[in-house]
Amino acid sequence: MLLEIDKLSVSYGKAVALEDVSLRVAEGEFVAVLGPNGAGKSTLLKAISRAQPAIGKLEFRGESLHPFPAHAVVGKGICHCPEGRRLFPELTVLKNLMLGAYLRRDASAIAADLAVVYGLFPILQERVEQVVSTLSGGQQQMVAIGRALMGRPSLLLLDEPSVGIAHRLKIEIFDAIKRIQKGGTAILMAEQDAQSALRIADRVYVLEHGRIGREGSSAELGSDDYIRQAYLGVG
Ligand SMILES: Nc1ncnc2c1ncn2[C@@H]1O[C@H](COP(=O)(O)OP(=O)(O)OP(=O)(O)O)[C@@H](O)[C@H]1O
Ligand SMILES: [Mg+2]
């Protein structure tokens, strides 16, 4: 198993944000985590990338991640595209992308990965010397995803990639994410847009109040009455 989480819990002081969460991601799989505001989605991704301490089983390729700091987790192949993008707005597109490769020394492979990012998001190649603050929200999200890809992840963590983005760009971004998976990268994506998540993910977990409620294939959850009512607004 690529990522295996069992009974994982996170607290902020006395407030419990995640409780006994169990979740798996197989090699190359696309898994989505659905849930409303405050459910614990970002906390879960931060726990995996070791930005937030957690207790419970947290294993990547059979090895516990607990002993490792965040930068070492990147080196193992887990790259996090965080909520709010966290770009450097006054730096160019290229400089922001290259920050994702900061642990790497393999110049020719880095150049090849830049070409992959430009293939996914051609607009970034056109804007490569432009400072990021002048891009649209959707284009900034492309930079954030591109930066995470520059770490050459085998597991890409995406935190609400579609939030605040115009409909047309949103479709483009979800299509690019699907192509990233087809290229062999496993994806764990937190998302509130249930319809899009169910369309592109293989499997889905529903996180509510820090706990996993339902889980199943996208097809199963897409026809589940509770999911249809609470997340798709139908039925
Ligand atoms: N740094 C923090 N300190 C204290 N409490 C926090 C902190 N970060 C998150 N929380 C709390 O933990 C819970 C889970 O928050 P989290 O950000 O993980 O939810 P989320 O599902 O990502 O929500 P959203 O969809 O709004 O991004 C919430 O109750 C939130 O208020
Ligand atoms: Mg969040």
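This section describes a sheet, a ligand shell and a helix pair in a predicted model. Local features require pLDDT of at least 70 and side-chain atom pairs pLDDT 80 or more, whereas totals for chains, interfaces and linings use all residues. Residues are numbered from 1 along each chain as its sequence is written, and chains are lettered from A and ligands numbered from 1 in the order in which they are written.

Helices (H or I, at least four residues) and strands (E, at least two) are DSSP runs numbered from the N terminus. An open, antiparallel sheet is formed by 4 strands in the order S2-S1-S4-S5, where pairing requires at least two DSSP bridges. S2 and S5 (63–64) are the edge strands, each with a single partner, so one side of each lacks a neighbour in the sheet. S4 (residues 55–60) pairs with S5 over 2 bridges, and Glu59 stands opposite Ser64 in S5.

Around ligand 1 there are 13 residues, of which Tyr12, Ala17, Lys41, Ser42 and Thr43 come nearest; a residue is near if its C-beta atom, placed from the backbone, lies within 6 Å. H1 supplies the largest share of this shell, 3 residues.

The axes of H6 (residues 137–149) and H7 (residues 167–182), lines fitted to C-alpha atoms over the stretch in contact, with angles from 0 to 180 degrees between N-to-C directions, come within 10 Å and cross at roughly 15°. H6 and H7 are therefore roughly parallel (angles under 35 degrees). Gly138, Gln141, Met142 and Leu149 of H6 meet Leu169, Ile173 and Ile180 of H7, contact being C-beta atoms, placed from the backbone, within 7 Å.

Methods
Angles under 35 degrees count as roughly parallel, over 145 as roughly antiparallel, 65 to 115 as roughly perpendicular and the rest as oblique. Two residues are in contact if their C-beta atoms, placed from the backbone, lie within 7 Å.
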